[in-house]
Amino acid sequence: MTGAGAQADPLDPLIHVPARLRIVATLAALPGGDALSFTRMQKMIGLTPGNLITHLRKLEDAGYLSIEKTGNGVASRTSVALSHRGRAALDTYTAALRDVLTGL
Amino acid sequence: MKEEHDMDERTTVAEDGEFDPRAAAKLLEQTSRRAQRQFEFPSPLLSLIQAAAVLAAYGAVWLSVRGQNPYSGPSGAALPELYAFVAVAAVAVGLDGRRARAGVSGRSSRQAWMRAIPFTAAFLAVYVLMGALLYDGFSHAIVYGIVPAAGPLIVVGAAAAGYAAAREDWQVLSFAIGLVAIGAGSAFAGPAGVWGFAGVGCCALLVCRAIVQVWLRRG
């Protein structure tokens, strides 16, 4: 099960964007059920906070990841985790990418 | 770091805005590999630090017991050295774990604490066994030689092997079986020689682990 554009485009347009591909690939490197803090993700991905939030929201709206905020004020912490749907979407995307490259 | 990512993005998206599949495949592979390296625990550097620490710890004891006849056990000076090197290795493990797990939360963090329980129990059981053997009148060669040198490697290695087998983690399973083999095999070297053989064996195994980790990174 992938994003809305997945039927028309073999490469899921939600993932087939450099920034979002990096986000999904980074989260997929964690064991299932683990979440990554927004701060560390920003360091690893190298995007500005505003840019990162925009991409995260798009992926969250598609159900590919979950964003959880805990605490208040300076003690607040935002964690991002890849959902089962997001992991499956990345697997589908990887397989589709392989097929596309084979056909080139 | 940011410049590197920006450069990636500029070079992977073509002028017409299309994201080239070949560039996508490369970016996916690079990002996955980079993330795995950053989350990796233990790191190859930690393996090398552990290799040096175990060689120094076992070596210090071996130097203090070689030539003893009859065998009486490690000298009072060797034991602080042994525990100092164990402490160095423990601090290195803690720092490397903190590096890898920074910002990571969830199931595997909770499981890490659960995993520590059987390993700690197995390790402590060796010292309880030493006490029991001493109480039962076994010689110092057994109680202060074979058991403390080979015992921890066998029990901790066996516990790690069981854990790795359940997860089908062949890299850890191979390492754990190697530990068990070194522990059991080095016992043939006698109460003094066991320290030397176990120290060199563990050091070689840890260096091999570091080499395999680096090789797998290059994949």
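**Set-up.** I am working from a predicted model, where local features need pLDDT of at least 70, side-chain atom pairs count only at pLDDT 80 or more, and totals for chains, interfaces and linings use all residues. Residues are numbered from 1 along each chain as its sequence is written, while chains are lettered from A and ligands numbered from 1 in the order in which they are written.

**Chain A, overall.** I looked up the elements first. Chain A has four helices and three strands. Helices (H or I, at least four residues) and strands (E, at least two) are DSSP runs, numbered from the N terminus. From that end, I read the order in chain A as α-β-α-α-β-β-α.

Next I looked up the dimensions. The C-alpha atoms of chain A fill a box of roughly 50 × 25 × 25 Å along the principal axes.

I then checked burial. In chain A, 39% of the 104 residues count as buried. Buried means 20 or more other C-beta atoms within 10 Å of the residue's own, with C-beta atoms placed from the backbone.

**Contact between the chains.** I count two residues as in contact if their C-beta atoms, placed from the backbone, lie within 7 Å. Chain A gives 28 residues and chain B gives 27 residues. On the chain B side, the elements that give two or more residues are H1 (2-12), H2 (21-39), S1 (104-106) and H5 (107-135). H2(B) gives the most, with twelve residues.

S1 of chain A (residues 34-37) and S1(B) pair in the antiparallel sense over three bridges. Pairing requires that DSSP finds at least two bridges between the strands. Ala35(A) has Ser105(B) as its bridge partner in S1(B).

**Helix H4 of chain B.** H4(B) covers residues 78-101, 24 residues in total, and reaches 34 Å from its first C-alpha to its last, close to the expected 34 Å. The expected span is 1.5 Å times one less than the number of residues. Leu82(B), Phe85(B), Ala89(B) and Ala92(B) are buried in H4(B). I found H3 (44-65) of chain B included in what covers the buried residues of H4(B). Just after H4(B), Gly103(B) takes a positive phi of about 80°.

How values were computed:
Buried ≥ 20, exposed ≤ 12 C-beta atoms within 10 Å, placed from the backbone.
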